[in-house]
Amino acid sequence: MTITRFAPSPTGEIHVGNARTAIFNFLITRQTSGTFILRIDDTDPVRSKQKYIDAIKEDLDWLGLNWDTVEQQSHRIERYKEVAQNLMAEGLLYECFETPQQLEVKRKIQLKRGRPPVYDREALTLTESQKKLMREQSRGYWRFKLERTRVQWDDAIQGEVSIDTASVSDPVLIRADGQFLYTFASVVDDHDMHITDIVRGADHITNTAAQIELFRKLGSHIPNFSHHSLLTDENGGPLSKRIGGLSLNCLKNQGIEPMALISQLAFLGSSKSVEVKVKLSDVIDTFDIKSFNRNSTKYYNQTLRSLTTEYFRKVPFEDIKHRIIELDVPDSEAYELWECLKGNIEKVDDIAGWWKIFSGAGKPTISEDDREFVQWAFSLLPNPPYTINTWTDWITLIKEDSNRRGKKIFMPLRLALTGRETGPDMSQCLALFKTRPEL
């Protein structure tokens with residue numbers, strides 16, 4: 001059984017990059033009827049906020065990514081301390097005291113000598129008496145002693161990956177203030193929660209080698225890894241610079257449909273074409289983690305808008321009926337209204353404005369050049385009820401006694417009836433008017 005986790009830090013809102021990772025983990029879990037864990041990475045007490053934890057849950061609910069259980073790292077501190085003590089006793093965690101400035105000097109010297117800027121493990125030469133003196137000046141932080149060997153794994157997206165841990169510094173796992181850092185807390189959690197598959201961004205590839213070594217020291221199984229490419233903007237730049245406009249909360253407020261976003265992110269960057277799916281089960285059935293390529297993936301926000309429009313054209317009426325009725329549309333009118341509007345709205349809330357028009361509360365738009373013509377044309381309009389044929393019959397009457405043709409007839413009447421230059425076919429629109437339109 002597949003067990004995955006989505007582990008966001010509650011330091012801000014979820015954006016499309018985070019959502020892509022959550023979607024990937026959710027989909028591969030549901031393909032095997034496995035367990036999807038929402039794990040809140042809140043070991044940073046300063047930056048982590050409850051409001052962001054609540055927002056993360058709301059965003060996942062909006063997407064329909066129902067989790068099976070929730071874990072919170074701040075509730076597991078005692079467990080981290082226990083594991084850390086064991087690693088310290090084994091000599092696998094060692095205390096260091098260099099300041100960031102001292103480490104920077106060391107890096108520059110190594111680079112100048114043509115060597116990789118890897119931590120020199122000077123702290124391992126300190127005696128207990130030296131450490132005691134240093135502790136009186138400042139608290140130490142703790143590094144994990146890597147084996148300095150080659151670590152290999154078969155990545156579902158990246159293929160065969162090989163990293164020599166002699167080329168990377170021993171990672172800091174515990175800060176001087178006692179905070180447990182990502183690499184440590186994540187591995188301990190993955191071990192304890194029996195995570196079978198880890199899907200995350202390619203920026204974590206280097207971390208993986210150190211984490212695999214840590215997994216081994218804990219006597220743990222090694223999960224399957226999948227590192228997906230990072231999303232970029234249209235120019236290939238970091239998407240993070242545009243996070244403000246691409247948070248899920250922002251997209252939701254723009255009227256983007258969750259299935260449009262899921263359909264985009266579940267296939268963008270893969271060998272499969274991006275097309276909107278109406279149901280989450282359809283995405284689960286067609287998703288393939290191995291179909292993604294390793295190259296960075298450009299994200300086009302306008303595609304999301306077109307996918308939302310496509311979703312409206314495809315979604316069955318019964319799946320969206322309750323949302324239409326919530327806009328104060330009578331149950332008896334909802335179906336015809338949806339059939340008329342589904343190809344002409346950007347968001348469901350647009351229906352409320354159209355229903356206002358069809359209910360007789362709209363405001364006509366009439367230019368002075370067209371006023372006389374429109375008033376005359378309206379005198380030929382019969383009283384309701386209107387049918388799908390009323391518009392054509394009305395235009396036929398107008399053409400018999402008018403020199404106007406084409407747009408010179410249609411556009412002034414569209415504006416007078418709807419107040420809008422574009423919209424659904426006017427045959428459908430006029431059939432929806434419940435009372436005689438007034439100028």
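The model is predicted. Its secondary structure comes to 18 helices and 12 strands. Begin with the overall dimensions. Along the principal axes, the C-alpha trace spans about 105 × 45 × 40 Å. The radius of gyration is 31 Å, whereas a compact globule of 439 residues would have one near 22 Å. Buried residues make up 48% of the 439. Sequence separation comes next. Take the contacts between residues at least 6 apart in sequence: 74% of them join residues at least 24 apart.

Now the surface. The protein exposes about 21500 Å². Carbon and sulfur atoms supply 47% of that area. The charges number 58 positive and 62 negative, and their mean positions are 6 Å apart.

Turn to the interior, and to helix α6, residues 182-192. Eight of its 11 residues are buried, so the helix is largely enclosed by the rest of the structure. The buried set runs Thr183, Phe184, Ala185, Ser186, Val187, Val188, Asp189 and Asp190. Just after α6, histidine 194 takes a positive phi of about 55°.

Next, a single side chain. Phenylalanine 26 is found in helix α1, residues 16-30. The relative accessible area of phenylalanine 26 is 2%; because the cut-off for buried is under 20%, this residue counts as buried. Which residues does it touch, leaving aside neighbours within four places in sequence? Phenylalanine 26 is in contact with Phe36, Gly64, Leu65, Asn66, Leu280 and Ile284. Histidine 227 lies 201 residues from phenylalanine 26 along the chain, and their C-alpha atoms are separated by 15 Å.

Finally, the hairpin. Strands β6 and β7 form it, with three residues between them. β6 covers residues 150-155 and β7 residues 159-164; they pair in the antiparallel sense over six bridges.

Notes: Residues numbered from 1 in each chain as written. Predicted model: local features only at pLDDT ≥ 70, side-chain atom pairs only at ≥ 80, totals over all residues. Heavy atoms only, no water. Pairing = 2+ DSSP bridges. Helix = DSSP H or I, 4+ residues; strand = E, 2+ residues; numbered from the N terminus. Rg over C-alpha atoms; globule rule 2.2 N^0.38 Å. Buried < 20%, exposed > 50% of the residue type's maximum accessible area, 1.4 Å probe, protein only. Contact = heavy atoms within 4.5 Å. Areas by Shrake-Rupley, 256 points an atom, 1.4 Å probe, with all protein chains shown as cover. Lys, Arg positive; Asp, Glu negative; His and termini not counted. Charge placed at Lys NZ, Arg CZ, Asp CG, Glu CD.
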